[in-house]
Amino acid sequence: QRPHLKAGVFCQNLVFPSCHLIQPPMNFLAFVREIVTKKLELIVVAKFYQKMRVLFEHLIKIPSPSGHEKAVAFFIKSFLESVGLSVAFDNAGKINDSDTGNLMAKLPGSKPVVLLVAHMDTVQKPEDIIEFVFQNGIYKSTGKTILGADNKSGVTILLCLPKNWHFTPNTPQFISYLPQE
């Protein structure tokens, strides 16, 4: 018998969410077919990663200093509505001296609920235009401004979940709140 191989052997440089065990069958063609399937899964992961990068880069370019989160809030709202979530704002902005309220969204479903939370505001100055570099797989500020990764990286991940929520036994509810900084 051949030893089991982790699927991660085929993808050492990529995050591979389904690193289940595969066992090469005796039939070589079937084994090749299984490897090709795994490589197709890698392509899907790579495309997902690219979409996350594009979304993150878009989010960090939207100014959202504390008290001025409206632009990013409405981007998040539009995005979540486009993937089928119902979205609403509360009146927290009036209490917290902000131009918008906390954003709440729910994916339809009857499964037990899990709450996912990320804040929308950043420590940037209202006039700052975020400048960044992406080098060797890492985002960095150019040094002239903040990067805005706190917490736009968290928002990016939350926005990518609704389309990929089929693998979990829960129904997500999202809250993007203000102000945290």
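These legends go with a set of close-up views of one predicted model. Residues are numbered from 1 along each chain as its sequence is written, and side-chain values use heavy atoms, with hydrogens and water left out. Since the model is predicted, local features need pLDDT of at least 70 and side-chain atom pairs count only at pLDDT 80 or more, while totals for chains, interfaces and linings use all residues.

**View 1. The whole chain, before zooming in.** The protein chain has four helices and eight strands, taken as DSSP runs numbered from the N terminus (helices are H or I with at least four residues, strands are E with at least two). Along the sequence, the pattern reads β-β-α-α-β-α-β-β-β-β-α-β. Of its 181 residues, 37% count as buried; here buried means under 20% relative accessible area, exposed over 50%, and partly exposed in between, using a 1.4 Å probe and protein chains only. Take the contacts between residues at least 6 apart in sequence, and 64% of them join residues at least 24 apart. A contact means heavy atoms within 4.5 Å.

**View 2. Helix H2 alongside helix H4.** H2 covers residues 70-82 and H4 covers residues 149-160; their axes come within 11 Å and cross at roughly 15°. That angle makes H2 roughly parallel to H4. The axes are lines fitted to C-alpha atoms, for helices over the stretch in contact, with angles running from 0 to 180 degrees between N-to-C directions. Angles under 35 degrees count as roughly parallel, over 145 as roughly antiparallel, 65 to 115 as roughly perpendicular, and the rest as oblique. On the H2 side, the contact is made by Val72, Phe75, Ile76, Phe79 and Leu80, and on the H4 side by Lys152, Val155 and Leu159. Sorted by class, that gives seven nonpolar, no polar and one charged residues. For this sorting, Ala, Val, Leu, Ile, Met, Phe, Trp, Tyr, Cys and Pro are nonpolar, Asp, Glu, Lys and Arg are charged, and the others, Gly among them, are polar.

View 3. The structure holds five aromatic pairs. Rings of Phe, Tyr and Trp (its six-membered ring) pair if their centres lie within 6.5 Å; planes under 30 degrees apart are stacked, over 60 edge-to-face, and the rest tilted. Phe56 and Tyr139 pair edge-to-face, at 4.8 Å centre to centre with 65° between the planes. This pair links distant parts of the chain, with Phe56 in helix H1 (residues 28-60) and Tyr139 in strand E7 (residues 138-141), 83 residues apart. Both Phe56 and Tyr139 are buried, and for Tyr139 the relative accessible area is 17%. Phe132 also pairs with Tyr139, this time tilted, at 5.8 Å centre to centre and 55° between the planes. Phe56, Phe132, Phe134 and Tyr139 form one aromatic cluster.

View 4. Gly148 sits in the loop between E7 and H4. At 6% relative accessibility, Gly148 counts as buried. Setting aside neighbours within four places in sequence, Gly148 is in contact with Ile60 and Thr122. Its C-alpha atom is separated by 9.7 Å from that of Phe56, 92 residues apart along the chain.

**View 5. Ala71 in helix H2.** Ala71 belongs to H2 and is partly exposed, with a relative accessible area of 47%. Apart from neighbours within four places in sequence, Ala71 is in contact with Ile62 and Pro63. Ala71 and Leu59 are twelve residues apart in sequence and 10.0 Å apart in space, C-alpha to C-alpha.

**View 6. Ser86 in strand E3.** Ser86 is part of E3 (residues 86-89). Beyond neighbours within four places in sequence, Ser86 is in contact with Met104, Ala105 and Lys106.

**View 7. Backbone details to look at.** The peptide bond from Asp150 to Asn151 is cis, with omega near 10°, and Asn151 is in helix H4. Asp97, not a glycine, has a positive phi of about 60°; Asp97 lies in the loop between helix H3 (92-96) and strand E4 (103-106) and counts as exposed at 69% relative accessibility. Asn136, also not a glycine, has a positive phi of about 55°. Asn136 is in the loop between strand E6 (132-135) and E7, and is exposed at 76% relative accessibility.
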